[in-house]
Amino acid sequence: MGLFQIILPYLLAGVSVGGQYALMAIGYSMVYGILRLINFAHGDVFMVSGLIMVYMAQALPLYLSIPAVILLTVLLGFAVERAAYKPLRSAPRMSVMVSAIAVSYLLQNLALYITGGLNKNYPAIPWVSDSITVLGATTKRVTIITPFLMLALVAGLVVLIRHTKIGMAMRTVAKDFETSQLMGIKLDRVISFTFAIGSFLAATGSMLYFSNYPGVIPTAGGMPGLKAFVAAVFGGIGSIPGAVLGGLIIGVCESIIKGMDTVLVHLGLIRSPLELATFSDAFTFVLLIIILVFKPTGLFGEKTTDKV
Amino acid sequence: MMKKALALLLTGLLLATLAACGGSSAGSGGDRGGGGGSAAGNDVVRIGVFEPQSGDNGAGGKQEILGMQYANFETPTVVIGGKTYNVFLDIADNQSSNDKAPSAAQTLVSNGCSIVLGSYGSGVSIAASSTFGDAGIPVVGVTCTNPAVTQGNSHYFRICFLDPFQGPVLAHFAKEEYSAKKAYCLAKQGDDYSVGLCNYFMDAFGRDNCVYETFPDGTSDYSSYVANAKTAGADVFFSPVSTEAAALIIDQAATQGLTIPLLAGDTWDSNVILNAAEGKHVNICVTTFYQEGGNPTFDNGIKQWINGNSQAKANNGGDDKIAAVSAMGYDAYYVALEALKKAGSTDPAKVLEVLPGVTYNGVSGAIAFDNIGDAVRDVAYVKWCNPDTAEWEFIAQQGI
């Protein structure tokens, strides 16, 4: 077995999970760009989207439940913003953040109440969940679909932001909150729209993620949410290409580190495994620290100039 | 004005949610004591149930409680010192979490339980042990198999076999049944049960022939670990982790076409595993305490009870398959009754005094304690998961 054959499964898994992180990271990044708010509830919206799918698929055929899940998740994101963030628009930023943490726990506890804390099996989506073989590595088709779907969605998003009226409004609000209001931009509409897009991407990400790892528990959004947030910071929070690149780097890194032992043994560099897989999460965060030491605003971060 | 109204509305909504949760748990509390309701006027003896109902081990904990609830339904009263008492199962959720376990234990202590049963999962049992010990309340572990649970204390007992027994049993089974030369072992970081069991397995199998890895809490992506097992050329995949992780591992194993047997301990004996494996090309074997069909009276009784109680059915994962942990929970309840009878008092100190000498012939076999407080058991059942029918099939009784 060649080295490539050995590394390939890890790369595939890494690119796929990285793509899913990226979809979530965009949600963090856009909300931060516009509201300067870290939306801690984003990971839990992701989890709730998975749960909605579990229950929807029991009642409706898949071609109806998939759009329904996306629609409901978008509505959830919209409702969270209207109920928990909008009333605090003029409050100190810290209050909004506390409100976000509260929403996160509320969603988790509601999920705990509804599911009784039991693992819910995510429905298998035909074709997408099938096993396929790519260059000798066996994986699910969703692994291959994820990066392409993610790039297509990002391309769509970039077009939306650059070339539409609402996109222009979003850019304006991100530049200057108050001036944009003076220019006649309806702030609430723009913010709601941002949350809707973020939730739409989270819903798509959750479908891809849970098709690959089909167990939904109330804390299922925690770790992916944290990693996606790290990805957003890593790429430079507020930047969409940064979020995508950050997600992919983190996904690939953690996957490669999990397989590092096997690769090193194969290359003959070490004789017995060093149990490196144990450190897969630690490596991710060490990498983040290193990047932030050298580039405090992340890979694509904009320079902040304080306005007096 | 609008803001305040909205804030009030939200607060109200939150309170309503809390009230709903509180109401429902009070309701199920009523159900639990319901068996005793018919013989009103009796005094109540509290048996604490220290089990996870949420978190990683929520599914298993619920099934273990089911066994106790069925036993309580069957025998709702006990005669202690010539006086009939209603037995009330006081259930506390330790949330499968070592840092939340002591407060759940404290609740049971404060409620004045005479004896406590539990927990599913060794980590939480170890974490809460001193809380029970300081209060002088005896605890009967049901399926916590890590030796550290009963070591160095006089109040923790258990009715199941131990990991130092279970690990070698599985290692021998792997060698004898599958002629395995190399094993891949996967445990969860900081999880006393899976790390401990992996170590006992590796000791018996030969550490040089094992690849050992651990995954962090919150992992969903097991594809790399399955790929590692494949490239390492392992003959068996040993992963005695929680059922939540197991479902994902099984899915990945099927996806990547891992044909080697997946071996695990008693935790995997659950319909969560059967549902995850249904219709997939996977080969799963587990060691367990009880095989469905071992005691037809018990089997039929509990099935009837589960089918007649929608809450119980939901807690059992939506069907009436009997988990070994339910049988163990059932036996644990009767061991507790024996201890109470023998003590002739509801005083925890008296119960603790007589507990080492209690014996009981349960559905999972004869139960007696040795001088550490562990059950005397020398045989485990090995079951194979038939993915076509999603049923467990009995393979062998295996000793060391």
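Visitor: Is B:S179 buried or exposed in this model?

Guide: In this predicted model, B:S179 has 8 other C-beta atoms within 10 Å. A residue with 12 or fewer such neighbours counts as exposed. B:S179 is therefore exposed.

Visitor: Where in chain B does B:S179 lie, and what is its phi?

Guide: B:S179 lies in the loop between helix 5 (163-178) and strand 7 (183-188) of chain B. Although B:S179 is not a glycine, its phi is positive, at about 45°.

Visitor: Is B:S96 buried or exposed?

Guide: B:S96 also belongs to a loop, which runs between strand 3 (83-93) and helix 3 (101-110) of chain B. Its phi is positive in a residue other than glycine, near 55°. A residue is buried if 20 or more other C-beta atoms lie within 10 Å of its own. B:S96 has 27 C-beta neighbours inside 10 Å, so B:S96 counts as buried.

Visitor: Which residues of chain B does a cis peptide bond join?

Guide: The bond has an omega of about 5°. One of its two residues is found in the loop between strand 4 (115-117) and helix 4 (122-135) of chain B. The residues joined are B:G118 and B:S119.

Visitor: In what order do the strands of the open sheet in chain B stand?

Guide: The sheet is formed by six strands, and their pairing is mixed. Strand 2 (77-80) and strand 6 (156-158) of chain B are the edge strands, since each pairs on one side only. Neighbouring strands of this sheet are turned by 35° against each other on average, direction ignored. The order is 2-3-1-4-5-6.

Visitor: Which residue of strand 3 of chain B stands opposite B:I80?

Guide: Strands of a sheet pair through backbone hydrogen bonds, either parallel or antiparallel. Strand 2 and strand 3 of chain B pair in the antiparallel sense, over four bridges. Opposite B:I80 stands B:K83.

Visitor: How far apart are the end C-alpha atoms of helix 3 of chain A?

Guide: Helix 3 of chain A covers residues 62-85, which is 24 residues. At 1.5 Å a residue, the helix should span 34 Å. The distance between its end C-alpha atoms agrees with this, at 33 Å.

Visitor: Which helices do the buried residues of helix 3 of chain A pack against?

Guide: The buried residues of helix 3 of chain A include A:S65, A:V69, A:T73, A:L76, A:V80 and A:A84. An α-helix has 3.6 residues a turn, so residues three or four places apart point the same way. The buried residues pack against helix 2 (42-59), helix 4 (93-115) and helix 8 (187-212) of chain A.

Conventions: Residues are numbered from 1 along each chain as its sequence is written. Chains are lettered from A and ligands numbered from 1 in the order in which they are written. This is a predicted model: local features need pLDDT of at least 70, side-chain atom pairs count only at pLDDT 80 or more; totals for chains, interfaces and linings use all residues. Two strands pair if DSSP finds at least two bridges between them. Axes are lines fitted to C-alpha atoms, for helices over the stretch in contact, and angles run from 0 to 180 degrees between N-to-C directions. The expected span of a helix is 1.5 Å times one less than its number of residues. Two residues are in contact if their C-beta atoms, placed from the backbone, lie within 7 Å.
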